[in-house]
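Welcome! Open your viewer, keep the selection tool at hand, and follow along stop by stop.

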Amino acid sequence: MKYIFNLFLVLSVAALISSCTKNTYENYPGGVPYDVVSILDIRPLYKNQDVTLTKEMLYGGTRLAAVVISDHTEGNIPEGLLVVQDSRRLSTLRGISIDLGAAAAGYHPGDSVMIDIAGGTLTRKNGILTITGIPASAVTPKGKGTVGINAINIAQLLANPDNYESSLCLINKSGFNPAPQPGDVISGAKTINDGFGDLTLYTDPGVSYAGVTPYGLGAYVGIPFKTAEGSVQLRTREGDDMINMGSSAQDLIITGIQSDPKGGDGGNEYVQMIATRDINFAVTPYSIVFCNNAGASTPTTLDAGWATGDKRTIKWNITSGTVAKGTFFYFGFQNRKINGNAGTVSFPAETNWYGKTFLNVKGGPTNPGDGGLVRTSTFTESGPFANSGNACGVALFKGTTVTEASVPEDVLFIASGGNTGIYDPSKNPIQGYRICNNDWYSMFSVSIDPDSYKPVIVPYLYYRSTGNTTNMPYPINAAHPDPSKADAGLYSMMGGVYNITLGRWTTARKQTVIELFQKTEDGHEAATIADIEPGRGGPNDSLITKIVE
């Protein structure tokens, strides 16, 4: 009897478990799930074959609550597609296309809709992930919503196209590749490049803005779609989705930084640059400004940006000499060594070197630079670059007058740490270091106006403002992994491609850390200029910035 009773108990429990695994959410009071499902959960259901959307497959959901981003007024969005997006789950903006036929044209950006998708089919139609089989009556208007935007670069889009397809995206700081010729217009399939990759921008020849002349530097708001061939196209919805962002042309650009030479830094740090046109510094003077934001830096409030002075910024003027287009130019100090005082190799006499004196006596006089800032600079003997994990940087300016409002010709930052404030948008003027339009930073971005649902330009003029957080880490390598103890003369080589004709970067700079040995010993050779400058038979020619036309 005991055996029979136990057998009965086991069978009863098994039956109960079985009944709970089928439509589990229907077997608990209050356990019925919310019937709205997120696009983030729908898109992965497609695995290269059509899927019928059922309540069970949709985790108990049957509807989408989304905001419309498509606009068929101009006719540049694939006909019959209602394109919607949401960020319902994980605050992740995802979109999807609904095959709604002629009714899709009745909806406009910002329309909030509830869509009954149960019974629809998730498929790839003309390459685009689409829900088909949805009647117009399944879409219920719900007033107006908020239109979000995915601000991404082309490399991000092409690496993960399914993450961004059918969502509203911003591709900023882009130009046409190849460079437009006189009379060219945007009509048809054109290639744009943002420094991170190439992307097809498609403009139907029949739209009213197809005859627009390509911008030298533009921001493009649009919807990415996959094609039947598997490539990706970005389609704007109207002319307002293309924004002229001005120019990013640079005459002098930073290509390398020695921020921590072996031994004492004072008098041994230097910056390598390359010219994109002939420059006579007596006619067109420049200035170079360093910022150092160590914890003891004063003033604590960065009230004048690059012009603050004291222990925050220091400026030197470049007012003599010349540099020819495509050649390298160095700003450094009196010791003129490849790597620190104890190094056995100096820069050759013929090097295009602009030198200043940096006082490096411990406890001795402080360094004022060439002055002209709001406060007299008071940098100590340790050199203009910080080596403590705090953010530091270098900026080039045309002219010798630098104010809070001055825009650099080029600028790069090292690291992002430190307790000293370097960006505070609540201050007036904003506390921060101004950036420029280069490969790493953008002076403007684009958002969607909450009333008109059209793109509007938003200024982001400072390091650490939205989109402007890129920085190189303090240089380390396998032999010297701790930046606070490196002191090895690790050189930051900045390699990219700058197109003079286009006036912008087609490949963004990337930091490569090169160890510069002070002397020939232990199986290695002492570093020479050939290690950091191409065309001299050195090993790193492919890693440094190239100028093309």
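Two strands pair if DSSP finds at least two bridges between them; strands themselves are DSSP runs (E, at least two residues), numbered from the N terminus. This is a predicted model, in which local features need pLDDT of at least 70, side-chain atom pairs count only at pLDDT 80 or more, and totals for chains, interfaces and linings use all residues. Residues are numbered from 1 along each chain as its sequence is written, and side-chain values use heavy atoms, with hydrogens and water left out.

Select residues 63-68, which form strand 2. Look for V67, which sits opposite Q85 of strand 3.

Is strand 2 largely enclosed or open? Five of its six residues are buried, so strand 2 is largely enclosed by the rest of the structure. Buried means under 20% relative accessible area, exposed over 50%, and partly exposed in between (1.4 Å probe, protein chains only).

Most residues other than glycine have a negative phi, and most peptide bonds are trans. Select K173 in strand 10 (residues 169-176); its phi is positive, about 50°, although K173 is not a glycine. K173 counts as buried, at 12% relative accessibility.

Then go to R336, in the loop between strand 22 (328-333) and strand 23 (353-356). Its phi is also positive, near 55°, and R336 is partly exposed, with a relative accessible area of 24%.

For cis peptide bonds, select T298 and P299: the bond from one to the other has omega near 0°. P299 is in the loop between strand 19 (286-292) and strand 20 (313-318). The bond from N428 to P429 is cis too, and P429 lies in the loop between strand 26 (423-424) and strand 27 (431-432).

**Stop three: the cores**

A nonpolar core is a set of buried Ala, Val, Leu, Ile, Met, Phe, Trp, Tyr and Cys residues joined through side-chain atoms within 4.5 Å. Which residues have the most contacts inside the largest one? Select I288, F290, W306, F331 and F413, in a core of 53 residues. Elements that give two or more residues to this core include strand 16 (252-258) and strand 25 (410-414). Apart from it lies another core, of 27 residues, among them L53, I96, I117 and L129.

Methods. Helix = DSSP H or I, 4+ residues; strand = E, 2+ residues; numbered from the N terminus.
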